[in-house]
Amino acid sequence: IVSLLRTNEPRLQVHAAVILRNLSVNSDSEVKIVQEGGLPPLINLLRSTDIDVQENAAGALRNLSENDQNKVRIVQEGALAWLVPLMRSPSFKVLEQTMMVLWNLSVNAENKVRMVEKGVLPGLVSILKSPEER
């Protein structure tokens, strides 16, 4: 499944991300997915121009970020560099998943510092000021 995340075909990327998203609701699977190398390709998919790929990659990361060790690893692997731009997504579903990942990551004290350093606060302020109902 992890290898399918690396394909250049967006539909296969979506299907693989959905499978991992569904599997990652189980705490044992959260750990196993990361151990099997699932984080780097999921984080890479956040860069996709395909909204469905972005939503499901962020959704899988949302579930994986429930685990305390994964919270740290997700930030260490560079996810903030791609989550911050997704805070400007026109897609409500992408934005919702992105915000939930950030919420989960922010529970960790070290992550809070990194999040501020990577520019999460201006994005949050912008969302709060937005006249759009979200």
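The following dialogue discusses how to read selected features of a predicted protein model.

Trainee: How many helices and strands does the protein have?

Mentor: Helices (H or I, at least four residues) and strands (E, at least two) are DSSP runs, numbered from the N terminus. In this protein there are nine helices and zero strands, so that the order from the N terminus reads α-α-α-α-α-α-α-α-α.

Trainee: What does the radius of gyration say about the protein?

Mentor: The radius is taken over C-alpha atoms, and the globule rule is 2.2 Å times the number of residues to the power 0.38. For 134 residues a compact globule would have a value near 14 Å, and the protein agrees, with 14 Å. Its C-alpha trace spans about 40 × 30 × 20 Å along the principal axes.

Trainee: How is burial read, and what percentage of the residues count as buried?

Mentor: Buried means under 20% relative accessible area, exposed over 50%, and partly exposed in between (1.4 Å probe, protein chains only). Of the 134 residues, 45% count as buried. Leu95, in helix H7, is buried with a relative accessible area of 4%. Phe92 also has its place in helix H7 (residues 92-105), but Phe92 is partly exposed at 44%.

Trainee: How are contacts defined, and what percentage join residues at least 24 apart?

Mentor: Contact means heavy atoms within 4.5 Å. Among contacts between residues at least 6 apart in sequence, 67% join residues at least 24 apart. Not counting residues up to four places away in sequence, Glu55 touches Arg21, Lys93, Val94 and Gln97.

Trainee: Which backbone atom does the side chain of Asn104 reach?

Mentor: A polar contact is a pair of N or O atoms within 3.5 Å; within protein, one must be able to donate a hydrogen and the other to accept it, and residues adjacent in sequence count only if both atoms are side-chain atoms. The side chain of Asn104 reaches the backbone oxygen of Arg62 at 3.0 Å. Asn104 belongs to helix H7 and counts as buried, at 9% relative accessibility. Beyond residues up to four places away in sequence, Asn104 touches Arg62, Ser65, Glu66 and Lys71.

Trainee: Where is Asp50, and which backbone nitrogens does its side chain approach?

Mentor: Asp50 is placed in the loop between helix H3 (39-45) and H4. Its side chain reaches the backbone nitrogen of Asp52 at 2.9 Å, and a polar atom of that side chain lies 3.0 Å from the backbone nitrogen of Val53. Asp50 also touches Pro10, Arg11 and Val14, not counting residues up to four places away in sequence.

Trainee: How many positive and negative side chains are there?

Mentor: Lys and Arg count as positive and Asp and Glu as negative; His and the chain ends are not counted. Each charge is placed at NZ of Lys, CZ of Arg, CG of Asp or CD of Glu. The protein has 15 positive and 15 negative side chains, and the centres of the two sets lie 4 Å apart.

How values were computed:
Residues numbered from 1 in each chain as written. Predicted model: local features only at pLDDT ≥ 70, side-chain atom pairs only at ≥ 80, totals over all residues. Heavy atoms only, no water.
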